[in-house]
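Keep the viewer open while you read.

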Amino acid sequence: MISLLLDTKHCMSELLLRNTFDHFLFIEGEITTYNKFTIDGYIRKEFYGDNGPETAPAETHSTWDRLRDFCFSIIKGKQTPLNFRFIFSLPKSETDRLIADKQLDFQPDTVQGLYLNFKYDGSVLACTSGTSLNTFTLDKSLEHAFDKWICEFFSAHGINWNMQ
């Protein structure tokens with residue numbers, strides 16, 4: 001797990017105006033402006049009715065691209081939000097690719113999720129990584145590989161960061 005302080009202005013632009021994070025799964029979020037808005041990213045398959053299996057997304061959670069404009073509509077304006085927090089998860093296909101590329105000794109089905117937790121407190125934007133496994137292990141190689149991946153991802157998109 002790492003905690004990074006991010007270049008707020010540039011990261012917010014990447015987060016809300018560009019497709020940089022669109023492929024991440026949106027687990028949950030909360031935005032506080034004139035009200036507190038809570039968003040659960042879990043997809044309700046029953047919404048899709050009788051055609052659910054054919055029309056519902058395959059993932060259990062919406063991708064950020066499906067919620068980005070909605071969140072932006074809450075945040076945009078002359079005043080910055082009082083705070084917000086977003087929890088993203090790396091999609092399973094990318095988790096599997098990370099394990100394979102780094103030749104880690106993990107079975108993909110033992111990984112519950114690799115998470116990015118964004119938190120804005122009204123002035124500072126921070127991101128904390130998280131790794132959740134379905135089994136107990138002392139092996140931290142996946143956590144370290146994901147932390148390195150996050151730093152490289154931010155750098156590749158011009159998002160300046162500092163370790164907290």
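A residue is called buried when its relative accessible area is under 20%, exposed when it is over 50%, and partly exposed in between, using a 1.4 Å probe and protein chains only. Across the chain, 43% of the 164 residues count as buried.

Before going further, some ground rules. This is a predicted model, where local features need pLDDT of at least 70 and side-chain atom pairs count only at pLDDT 80 or more, while totals for chains, interfaces and linings use all residues. Numbering runs from 1 along each chain as its sequence is written, and side-chain values use heavy atoms, with hydrogens and water left out.

**The overall build**

The chain has 5 helices and 7 strands; these are DSSP runs (H or I, at least four residues, for helices; E, at least two, for strands), numbered from the N terminus. In sequence order the pattern reads β-α-β-β-α-α-β-α-β-β-α-β. The radius of gyration, taken over C-alpha atoms, is compared with a globule rule of 2.2 Å times the number of residues to the power 0.38. For 164 residues a compact globule would come out near 15 Å, and the chain has 17 Å, which agrees. The C-alpha trace spans about 50 × 50 × 25 Å along its principal axes.

Contact here means heavy atoms within 4.5 Å. Of the contacts in the chain with a separation of 6 or more, 69% are between residues 24 or more positions apart.

**Aromatic pairs**

Rings of Phe, Tyr and Trp (its six-membered ring) pair if their centres lie within 6.5 Å; planes under 30 degrees apart count as stacked, over 60 as edge-to-face and the rest as tilted.

| Pair | Ring centres | Plane angle | Type |
|---|---|---|---|
| Phe88 and Phe118 | 5.5 Å | 65° | edge-to-face |
| Trp149 and Phe153 | 5.1 Å | 15° | stacked |

Phe88 sits in strand S4 (residues 83-89) and Phe118 in strand S5 (residues 111-120), so this pair, 30 residues apart, links distant parts of the chain. Phe88 is buried at 0% relative accessibility, and Phe118 is buried too, at 1%.

Trp149 and Phe153 are both in helix H5 (residues 141-156), 4 residues apart, which puts about one helical turn between them. An α-helix has 3.6 residues a turn, so residues three or four places apart point the same way.

What covers the buried residues of H1? Strand S1 (3-6), helix H3 (64-75), S4, S5 and strand S6 (125-133) are among the elements that do. Those buried residues in helix H1 (residues 8-16) are Cys11, Met12, Ser13, Glu14, Leu15 and Leu16.

Phe26 belongs to strand S2 (residues 25-32) and is buried, with a relative accessible area of 0%. Beyond its neighbours within four places in sequence, Phe26 is in contact with residues including Ile39, His61, Trp64, Leu67 and Phe88. Phe26 and Leu116 are 90 residues apart in sequence, yet 9.7 Å apart in space, C-alpha to C-alpha.

**Out on a loop**

Is Gln103 buried or exposed? At 74% relative accessibility, Gln103 counts as exposed. Gln103 lies in the loop between helix H4 (92-101) and S5, and its phi is near 50°, a positive value in a residue other than glycine.
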